[in-house]
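Hi,

Here is the structure I promised to pass on.

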Amino acid sequence: MTRVTFEDFSVALAGTPVISNVNLAIEPGELVGLIGPNGAGKTTLMRAALGLIPSRGACSLARLDDRSRARTVAWMPQERAVAWPIQVASLVMLGRMPYRGPGQRPSPDDRRSVADAIHQVGLTGFEKRAVTRLSAGERTRALIARALAQQTPMIMADEPIAGLDPAHQITTMETFSEIAASGRSVLVSIHDLGLAARHCTRLILVGEQRVIADGPPTAVLTPDNLARIFHIEAFLQSTDHGPVFQSLRVLGP
Ligand SMILES: Nc1ncnc2c1ncn2[C@@H]1O[C@H](COP(=O)(O)OP(=O)(O)OP(=O)(O)O)[C@@H](O)[C@H]1O
């Protein structure tokens, strides 16, 4: 299992600091929600952690070579466009690439992982459909399946449930919870604070170029943090069904 660490981790884009001096660790067994307003730096933090853009300080993932990293973390970017009409099963099979040599045919394990992942996202029956002929939400689910099929100790996903219907948002978060409960880890950026509060074991709130709060959802989604960073007032209550969150209104300046 993999522990991912950030030490004095900072990222600047076009000379402007976006994230400064992040120090934290993501432990096996955690489902971590990365939250913050538009432009807070969630995508930037994840891309830099993977070594896709330059950073200062250290992240344990960025140190890995490409093949080791692909066997350690499955990355689902925010961009959902697929440029060519590849079939769903072939797209998901791309998640198995880190385990195969050049020209090597998929193994029974590869095929089982792909079938399981397609089943988990509810796309059984769509295997031969061109990804370019899916709805936007179905395409998102195919890309989630590719990340699941990679069977890595960690999944990092940028707004994976954006654009999914309510049932698929819940089943996706439940799948991530099961993955975390099995001792792997999941880091997702997420704008739905209700689902984040219900499903994530931990939230990391970014804003003002830094980590503002890090901890259990009810400790992070405080009235003060919601007002200062999101400029909203919200209702958050612990219930028998878990935390229930509802945004109520935008606060004035
Ligand atoms: N290529 C770039 N060059 C310069 N600035 C950039 C670039 N890409 C993003 N930014 C800026 O970096 C900041 C962080 O962007 P980022 O995409 O990480 O935010 P985010 O928290 O993921 O936002 P969202 O919730 O809208 O997806 C924003 O102010 C954005 O305008």
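Predicted model: local features only at pLDDT ≥ 70, side-chain atom pairs only at ≥ 80, totals over all residues.

Let's start with a pairing: which residue in S9 is the bridge partner of Val-206? Val-211 is that partner. Before the rest, some ground rules. Residue numbers run from 1 along each chain as its sequence is written.

**The chain overall**

There are nine helices and 11 strands in the chain. Helices (H or I, at least four residues) and strands (E, at least two) are DSSP runs, numbered from the N terminus. The radius of gyration is 18 Å, close to the 18 Å from the globule rule for 253 residues, so the chain is as compact as a globular protein of that length. That radius is taken over C-alpha atoms, and the globule rule is 2.2 Å times the number of residues to the power 0.38. Along the principal axes, the C-alpha trace spans about 55 × 40 × 35 Å.

Buried residues account for 39% of the 253. Here buried stands for 20 or more other C-beta atoms within 10 Å of a residue's own, exposed for 12 or fewer, and partly exposed for anything in between, with C-beta atoms placed from the backbone. Of the contacts with a separation of 6 or more, 64% are between residues 24 or more positions apart. A contact puts two C-beta atoms, placed from the backbone, within 7 Å.

**Strand S8 and its partners**

Back to where we began. Strand S8 covers residues 202–207, and five of its six residues are buried, so the strand is largely enclosed by the rest of the structure. Strand S3 (residues 31–35) runs parallel to S8, joined by four bridges, and Leu-34 has Ile-204 as its bridge partner in S8. (Strands pair if DSSP finds at least two bridges between them.) S9 (residues 210–215) runs antiparallel to S8, with five bridges. S8 and S9 make a hairpin with two residues between them, and Glu-208 in the turn has a positive phi of about 50°.

**Helix H5 and what covers it**

H5 takes in residues 136–149; at 1.5 Å a residue its 14 residues should span 20 Å, and the end C-alpha atoms are 20 Å apart, which agrees. The expected span is 1.5 Å times one less than the number of residues. Because 12 of its 14 residues are buried, H5 is largely enclosed by the rest of the structure. Among the buried ones are Glu-138, Arg-139, Arg-141 and Arg-146. The cover over the buried residues of H5 includes strands S5 (73–76) and S6 (154–158), along with helices H3 (88–93), H4 (108–120) and H6 (166–181).

S5 and S6 pair with each other in the parallel sense over four bridges, and Met-76 has Ala-157 as its bridge partner in S6. Val-73 and Trp-75 point one way from S5, Ala-74 and Met-76 the other way, and all are buried.

**Around the ligand**

The shell around the ligand consists of Leu-13, Ala-14, Val-18, Gly-36, Asn-38, Gly-39, Ala-40, Gly-41, Lys-42, Thr-43 and Thr-44. Helix H1 (residues 42–49) gives the most to it, with three residues. By class there are four nonpolar, six polar and one charged residues. Ala, Val, Leu, Ile, Met, Phe, Trp, Tyr, Cys and Pro count as nonpolar, Asp, Glu, Lys and Arg as charged, and the others, Gly among them, as polar.

**Backbone angles to look at**

Most residues other than glycine have a negative phi. Ala-14 has a positive one, near 50°. Ala-14 is in the loop between S1 (4–13) and S2 (16–26), and counts as exposed, with 5 C-beta neighbours inside 10 Å. Glu-159 also has a positive phi, about 50°; this residue is in the loop between S6 and H6 and is partly exposed, with 19 other C-beta atoms within 10 Å. Just after H5, Gln-151 takes a positive phi of about 50°.

Cheers

Note on methods: Near = placed C-beta within 6 Å.
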